Amino acid sequence: MTDPTVLLIWADGLSSRYLNELDTPLLSKFAVGSRQATLQSMFGYLSVGGAVFCGLQPGRSRLLWEFGRREAPASVGSALRAVLSVVDHVPNDRARFLLRLGILRSLGTEYLGLANAIPHDLLWYFQPRLSSQLEHRPRVGEGVNTIFDWLVGAGMAYEYSRPPPADEGSAAASLISRIRKGQLPNLFVYHPVSLDVTGHKSGPRGAATKRAIARFDRTTGRILSAIEHSPAKILCITMSDHGMQPIENLFDSQSRIRRLPLRIGKDYLYFMDSTMIRFWFETASAEDIIRSDFSGPGRFLTQRDLEAAAIGKPDRFYGDLFFAIEQGWAVYPDFFRRTHRPRGMHGYYRQTYDTPVAIVGGSPGLSPRFTVPEGNHTDICRTMADFLGLKAPFEMDGKPIVEYS
Ligand SMILES: [Zn+2]
């Protein structure tokens, strides 16, 4: 039996709006008083992972978006380019992704990331920020590593469970049985994704999402009950990465961008995330043209906006100019979805529709509670590290926000 233990339930897409007695009756019983806190919404797809697992704001972890610009475009032959330009027309996001992956792998070409709807003429310019998920301990950056590295360095163990939505029930059952037997490693991260998947597909108020919320409430309620009867010393933090906002409007920005009198790769590059469009300029006139001729429901972020989101001055890897879309809109098609329009989205600059939430629980005698009503994701990292007696090789941005009896 290992002791002490942290169980982090990373509830992907658990909106603060779901946390009420009607939608989540079991969870609401645990989320009373100072056992619940809200978390600040973060801007940037990788920012939450960097905050929770490195304890750093994105300006220091340099973890912002999933894709960025390669130093030099990948070199590919004209035959492969031609084949992939045909694959571009496959009218199904998943099928196109699988086809691309199969073709690139069979040719021994380095795979260029998961975004399955990057147009073929842009594919070669981009690469994922990380070589793998953070729990596999990829290289993050100069002097920056993760809590998983700190655990291994201290001779401690961790596990990460991110089951496909259909397997969440059995993954939770196995987790509960291990909690009862006191058989968890020092850090166990349980990361169900079904709330995020259904939230995007059917919207936060959609029938499928309602069912996913009810399922999540039942399984998490059981896990939290099991913790309260566990023989081990367990701190359990249930935490969401972001909320989920209904999409009322779609912004088809690609046709507007492509009409600009600019050449891809020569004058500029662009990348369409779901809530923002990033631009890179090769010439000063490209910047002028985009700033004056490109418009839509949103605005270009200023350096001050980026500072306010704890981003600071982003590396050129992420872009030279950032167009953030208004809440309630989605960039569609974007470089991730071309055939299935989203009905829910998150990741807006300063999302105000909802917030991420955190609920703390523990094994008998621990009685954990939050010391503040609002924290942020770097605080979660610091709280976990302190509980486990781990030290980061750098100063973390977060502070401990849980006290115990
Ligand atoms: Zn999502």
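Two strands pair if DSSP finds at least two bridges between them. Helices (H or I, at least four residues) and strands (E, at least two) are DSSP runs, numbered from the N terminus. Strand 5 and strand 6 (residues 187–190) run parallel and are joined by four bridges. Within this pair, Ser161 has Tyr190 of strand 6 as its bridge partner.

The model is predicted: local features need pLDDT of at least 70, side-chain atom pairs count only at pLDDT 80 or more, and totals for chains, interfaces and linings use all residues. Residues are numbered from 1 along each chain as its sequence is written.

Strands of a sheet pair through backbone hydrogen bonds, either parallel or antiparallel.

A further open sheet holds four strands in the order 10-11-13-12, with antiparallel pairing. Its edge strands are strand 10 (268–272) and strand 12 (298–300), and each pairs on one side only. Neighbouring strands in this sheet are turned by 15° against each other on average, direction ignored. Here and below, axes are lines fitted to C-alpha atoms, for helices over the stretch in contact, and angles run from 0 to 180 degrees between N-to-C directions. Four bridges link strand 11 (residues 276–281) to strand 13 (residues 321–325) in the antiparallel sense. Ile277 stands opposite Phe323 in strand 13. Helix 11 (residues 284–293) lies across strands 10, 11, 12 and 13. This helix runs at about 155° to strand 11.

Two helix pairs were examined. The axes of helix 8 (residues 194–202) and helix 9 (residues 207–228) are 8 Å apart, at an angle of about 165°. That makes helix 8 roughly antiparallel to helix 9. Angles under 35 degrees count as roughly parallel, over 145 as roughly antiparallel, 65 to 115 as roughly perpendicular and the rest as oblique. The crossing of helix 8 and helix 9 is left-handed. A crossing is left-handed if the near helix is turned anticlockwise from the far one by less than a right angle, and right-handed if clockwise. Residues in contact (C-beta atoms, placed from the backbone, within 7 Å) include Leu195 and Lys201 of helix 8 and Ile213 and Phe216 of helix 9. The residues of this contact comprise six nonpolar, five polar and one charged. Ala, Val, Leu, Ile, Met, Phe, Trp, Tyr, Cys and Pro count as nonpolar, Asp, Glu, Lys and Arg as charged, and the others, Gly among them, as polar.

Helix 2 (residues 47–54) and helix 13 (residues 377–388) form the other pair. Their axes come within 6 Å and cross at roughly 25°. The two helices are therefore roughly parallel to each other. Helix 2 passes helix 13 in a right-handed crossing. Val48, Ala51, Val52, Phe53 and Cys54 in helix 2 meet His377, Thr378, Ile380 and Cys381 in helix 13. Seven of these contact residues are nonpolar, two are polar and none is charged.

The chain is divided into domain 1 (5–63 + 140–244 + 353–403) and domain 2 (67–131 + 248–342). These bounds come from an automatic or database domain assignment. The C-alpha centres of the domains lie 30 Å apart. Domain 1 gives eleven residues to the contact, and domain 2 gives nine. On the side of domain 1 that touches domain 2, six residues are nonpolar, four polar and one charged.

How values were computed: Two residues are in contact if their C-beta atoms, placed from the backbone, lie within 7 Å.
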